[in-house]
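Visitor: Can you walk me through this structure? I'd like to go topic by topic.

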Amino acid sequence: APREVARLLVMGPNTERQYRQALEAEGLLHGDPTTLPSLEVLKTAVEKRCPAALPPQQVSSLEPLRSWIEECLGKRMMPRAIFDRLRLEHPEFKGSYSAVKRMCKALRRARGVRPEDVAIPVETSAGEVAQVDFGYVGKLLDPEARTLRKAWCFVMVLGFSRHMVVRLVFDQRIETWLALHVEAFAELGGVPRTVVPDNLKAAVIRAAFCIDDQSELNRSYREFARYYNFKIDPTPSYDPGKKGKVEAGVKYVKGNFFVGRQEADVDDVRRDLRRWVS
């Protein structure tokens, strides 16, 4: 019986039926049992009538963008940054973040292992610490001055949630620095207990280069902190890792949003920046 044959051959009944039908169609199923065809003849007959099903081709929907994604990885953009850029610059893109991660993983595997950043998280309580810094982002077109000007991104990162406030400016004057803090506090809906700035002149007039040295804070910034009731804790020159979260934030903003935007109109960039941060 067919089921007994399938059992003896350790195969499913459907497979046994397909093989049996293939051999019968080739005229090999009936005849003198003492003159059985060779195994190769039987195998060829089965392969002819029952060709092996080809595995489905796992072609990523991002395959047309492979070179572009590989270029982004070369600029040290992370999958999330690449995904965000795709959504901003390619309205027709309907892929998922998971698809982007899979593509990035495959490209990294093909590229080989490289030494990458090793991060040791420093945890803080909610509302305890915010880190602030400027990052140079290249020259952008100032429509009022009708010329290209050097531009910086101001980044404030909350230590607990990593939530970022990002603004784009053409200078690092103390007036700009303080106004950016006011905007950031308004957006956050509160003031952190401690703000950790870099040793830029708008915040620190004289940096502490030794453990025993004292940093000298900008007077306007000191009065500003007293008014808003927060403590200023400048980054020691010998320990830049103290503001590692905002360093990473500035790097992320520059490597994600600002790549390829040099010489663009600052109004357009600011509009896209608001969309990107939100």
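Visitor: Ground rules, then. What kind of model is this, and how are residues numbered?

Guide: This is a predicted model, in which local features need pLDDT of at least 70, side-chain atom pairs count only at pLDDT 80 or more, and totals for chains, interfaces and linings use all residues. Residues are numbered from 1 along each chain as its sequence is written, and side-chain values use heavy atoms, with hydrogens and water left out.

Visitor: Which residues touch the most other members in the largest nonpolar core?

Guide: Phe 134, Phe 154, Met 156, Trp 177, Tyr 221 and Phe 230, out of 20 residues in that core. A nonpolar core here is a set of buried Ala, Val, Leu, Ile, Met, Phe, Trp, Tyr and Cys residues joined through side-chain atoms within 4.5 Å. Buried means under 20% relative accessible area, exposed means over 50%, and partly exposed is in between, with a 1.4 Å probe and protein chains only.

Visitor: Which helices and strands supply it?

Guide: At least two residues each come from strand E1 (129-142), strand E2 (147-158), strand E3 (164-169), helix H7 (174-188) and helix H8 (219-228). The largest share is that of H7, with six residues. Helices (H or I, at least four residues) and strands (E, at least two) are DSSP runs, numbered from the N terminus.

Visitor: And what is in the second core?

Guide: That one is separate and has 19 residues, including Ala 151, Val 155, Val 166 and Val 250.

Visitor: Where do Phe 83 and Tyr 97 lie?

Guide: Phe 83 is in helix H5 (residues 79-89) and Tyr 97 is in helix H6 (residues 97-111), so the pair ties together parts that are 14 residues apart in sequence. Phe 83 is buried at 9% relative accessibility, while Tyr 97 is partly exposed at 25%.

Visitor: What sort of pair do Phe 257 and Phe 258 form?

Guide: An edge-to-face one, with 4.9 Å centre to centre and 90° between the planes. Phe 257 is buried at 0% relative accessible area, and Phe 258 is buried at 3%.

Visitor: Which residues make up the aromatic cluster?

Guide: Phe 134, Phe 154, Trp 177, Phe 185, Tyr 221, Phe 224, Tyr 227, Tyr 228 and Phe 230 form one cluster.

Visitor: Switching to charges. How many salt bridges does a search of the whole structure find?

Guide: It finds 15, a salt bridge being a side-chain nitrogen of Lys or Arg within 4 Å of a carboxyl oxygen of Asp or Glu. One of them joins Arg 149 and Asp 142 at 2.8 Å, N to O. Arg 149 is partly exposed at 30% relative accessibility, whereas Asp 142 is buried at 7%.

Visitor: How far apart are the closest N and O atoms of Arg 275 and Asp 272?

Guide: They are 3.5 Å apart, in a salt bridge. The two residues are three apart in helix H10, so about one helical turn separates them. Arg 275 is partly exposed at 47%, and Asp 272 is buried at 18%.

Visitor: Pockets next. Which residues lie nearest the centre of the second largest pocket?

Guide: Tyr 19, Leu 23, Leu 28, Leu 29 and Leu 42, out of 20 lining residues. By class, the lining has twelve nonpolar, four polar and four charged residues. Ala, Val, Leu, Ile, Met, Phe, Trp, Tyr, Cys and Pro count as nonpolar, Asp, Glu, Lys and Arg as charged, and the others, Gly among them, as polar. On a 1 Å grid over the protein atoms alone, a pocket is an open set of points where a 1.4 Å probe fits, with protein on both sides within 12 Å along at least five of seven lines, and lining residues have an atom within 4 Å of a point.

Visitor: Last one: where is Arg 162 found?

Guide: In the loop between E2 and E3. Arg 162 has a positive phi of about 65° although it is not a glycine, and is partly exposed at 35% relative accessibility. Glu 263 also has a positive phi, near 70°, and is exposed at 55%.

Key. Phe/Tyr/Trp six-rings, centres within 6.5 Å; stacked < 30°, edge-to-face > 60°.
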